[in-house]
Amino acid sequence: MAAKQKLAILISGRGSNMLAIAHACASGELNANIVLVLSNTPDAAGLESAAKLGLKTAVVDHKDFASRAEFEQQLNVQLDEVRPNWIALAGFMRILGGAFVTRWSNKLVNIHPSLLPAYPGLNTHARAIEAGDKKAGASVHYVTSELDAGPVIAQHSVPIYPQDTAQILATRVIGIEHALYVKALQQCIATQYS
Ligand code: GRF
């Protein structure tokens with residue numbers, strides 16, 4: 001059995017994807033250990049959930065830094081302490097600059113609530129409904145310096161129904177995100193050893 005991969009997860013809020021990944025690590029479904037859950041917002045609910053599971057948590061509040069570069073330098077200080085093989089962005093609501101992305105290139109992945117390349121950025125569900133799309137979904141992709149544009153690792157779609165609101169659709173999409181993220185990370189880890 002290959003050595004467990006070290007995984008850091010960056011969050012900004014609820015952290016339901018982080019929890020799904022944590023459960024997959026605990027059950028052995030994912031051959032990884034979470035070495036750090038880091039939030040850029042001190043009051044992210046996911047921090048408390050992670051701490052309850054006994055995971056190491058940290059806050060690097062972007063508001064404490066004058067520039068993106070200084071914020072990211074502090075992210076690197078935290079990450080260098082735990083030396084992750086993978087960094088999973090899970091509802092992390094800061095855009096990461098080119099130097100950070102290059103530093104962690106091929107180790108940095110993100111989940112985005114649309115069928116990329118459709119709808120990078122925010123308000124994906126409202127935009128899909130507005131456009132009259134018949135399906136929506138989520139994508140896990142490698143992070144590059146272009147927003148939500150890196151190579152897709154895995155995607156899963158859900159239907160859009162005529163009465164859907166953005167909120168209803170968001171609930172349907174988050175329902176498939178958790179398993180999708182675990183599957184994509186399994187794929188990442190497997191390719192590491194192939
Ligand atoms: C998810 O919809 C994810 O795709 C997006 O932000 C949301 C995070 O949800 N990037 P959670 O914090 O994992 O519950």
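**Notebook: loops, cysteines, pocket, strands**

I started with Arg83, which counts as exposed at 62% relative accessibility. My cut-offs, with a 1.4 Å probe and protein chains only, are under 20% relative accessible area for buried, over 50% for exposed, and partly exposed in between.

Ground rules before going on. The model is predicted, so I take local features only at pLDDT of at least 70 and side-chain atom pairs only at pLDDT 80 or more, while totals for chains, interfaces and linings use all residues. Residues are numbered from 1 along each chain as its sequence is written, and side-chain values use heavy atoms, with hydrogens and water left out.

I found Arg83 in the loop between helix H3 (68–82) and strand E4 (86–89). For me, helices (H or I, at least four residues) and strands (E, at least two) are DSSP runs, numbered from the N terminus.

Asn106 also has a positive phi, near 70°, and is a residue other than glycine. Asn106 sits in the loop between helix H4 (98–103) and E5, and is exposed, with a relative accessible area of 57%.

I checked the peptide bonds too: the one from Leu116 to Pro117 is cis, with omega near 15°. Pro117 belongs to the loop between E5 and H5.

**Helix H1**

Does the length of H1 agree or disagree with its residue count? It agrees: its 12 residues, at 1.5 Å a residue, should span 16 Å, and the end C-alpha atoms are 17 Å apart. The expected span is 1.5 Å times one less than the number of residues.

I listed the buried residues of H1 as Ser16, Asn17, Met18, Ala20, Ile21, Ala22, Ala24 and Cys25. Gly28 follows H1, with a positive phi near 90°.

**Cysteines**

The search of the whole structure came back with 0. Cys25 is in none, and the nearest cysteine sulfur, that of Cys188, is 13 Å away. I noted both as buried: Cys25 has a relative accessible area of 7%, and Cys188 is at 1%.

**Largest pocket**

H1 (16–27), E5 (108–112), H5 (124–130) and H6 (166–193) each give at least two residues to the lining. Which of these supplies the largest share? H6 does, with 4 residues.

By class I get 14 nonpolar, 15 polar and 5 charged residues. Nonpolar means Ala, Val, Leu, Ile, Met, Phe, Trp, Tyr, Cys and Pro, charged means Asp, Glu, Lys and Arg, and the others, Gly among them, are polar.

**Strands E1 and E2**

Last entry. E1 (residues 5–11) and E2 run parallel, joined by 7 bridges; I call two strands paired if DSSP finds at least two. Ile9 stands opposite Val37 in E2. In E2 (residues 32–39), 7 of the 8 residues are buried, so the rest of the structure largely encloses it.

Terms used:
Disulfide = S-S within 2.5 Å.
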